[in-house]
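Please read them with the model open.

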Amino acid sequence: MTTTRSRQALMSASALVLITGAVACGSSGNDALPPTSSWQQGQTQQQTQKAPVLSAGQTLSIKTTPIQLATPIPAGSADVTLVSVTEAKTLPSKTGVTTKIAPDEEFAVLTFKVKNTGEDKFDTYVLDQARWTGEDGYAVNAGNAVFTDHEPGTAVPYPAFHNQVNPMPGEFVLGTSVLVIPATQPGTLHFTDRNGNPLFDVATKGK
């Protein structure tokens, strides 16, 4: 009899330990949730971080993050000067043929000086494209226009960055990005690195 009661008491105690352990594991709150991933943290930062506005004649120090591509792109830093920014409906060429655009669009012509202040070559590709947002929230990708003619003293004084070398530490390059944007309202060009991290904004007036 005593043995039977001892076994029952032991079984009851074991069951209590199991139940208590299960409750403790189930009520651990944050421990039961998966940790926030670095990607989620990066997305939150991109949504809340506001890029500085770069105006003609101003210089801004920027940093880009590395990205793993077929050819890895290292992190970089540079001093970027917006030499000039103009908006036009047509662009002349050396051959005398005028490049036109749709009535509701325009060319945003931005000339940059990019001086590499980092320890590796700087990826200037990020300056050849941007995202444009209008005052009413309308957004488009402002892709680089198919325009190759360039000559100092003209509307497009330098070639696009994707047709140039990436500057090594201490070097600088001059490039002109010709972007296509809506002409219907004022807006903002948002430049980011390849990972989508904000670098700077440039305001546009519209026509």
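1. The accessible surface of the protein chain comes to about 12,600 Å², and carbon and sulfur atoms hold 56% of that area. Accessible areas are computed by the Shrake-Rupley method with a 1.4 Å probe, and for residues only the protein chains shown count as cover. This is a predicted model, in which local features need pLDDT of at least 70 and side-chain atom pairs count only at pLDDT 80 or more, while totals for chains, interfaces and linings use all residues. Residues are numbered from 1 along each chain as its sequence is written, and side-chain values use heavy atoms, with hydrogens and water left out.

2. Of the 207 residues in the protein chain, 33% are buried. Here buried means under 20% relative accessible area, exposed means over 50%, and partly exposed lies in between (1.4 Å probe, protein chains only). Among contacts in the protein chain with a separation of 6 or more, 64% are between residues 24 or more positions apart; contact means heavy atoms within 4.5 Å.

3. The protein chain has two helices and 10 strands. Both kinds of element are DSSP runs numbered from the N terminus: helices are H or I with at least four residues, strands are E with at least two. The pattern along the sequence is α-α-β-β-β-β-β-β-β-β-β-β.

4. Phe112 has Gly175 in E8 as its bridge partner.

5. Another open sheet of four strands runs in the order E7-E6-E9-E10, and its pairing is antiparallel. Strands E7 (139-142) and E10 (198-204) stand at the edges with a single partner strand each, so one side of each is left without a neighbour in the sheet. The twist here averages 25° from one strand to the next. Strand E9 (residues 187-192) and E10 pair in the antiparallel sense over six bridges, and Phe191 has Phe200 in E10 as its bridge partner.

6. The count of salt bridges comes to one, where a salt bridge is a side-chain nitrogen of Lys or Arg within 4 Å of a carboxyl oxygen of Asp or Glu. The side chains of Arg194 and Asp123 form it, at 2.6 Å from N to O. The pair links distant parts of the chain, 71 residues apart: Arg194 is in the loop between E9 and E10, and Asp123 is in the loop between E5 and strand E6 (130-134). Arg194 counts as partly exposed because its relative accessibility is 33%, whereas Asp123 is buried, with a relative accessible area of 9%.

7. Leaving aside neighbours within four places in sequence, Ala145 is in contact with Phe107, Val178 and Val180. Ala145 and Leu179 are 34 residues apart in sequence, but their C-alpha atoms are 5.5 Å apart in space.

How values were computed:
Pairing = 2+ DSSP bridges. Axes fitted to C-alpha atoms, helices over the stretch in contact; angles between N-to-C directions.
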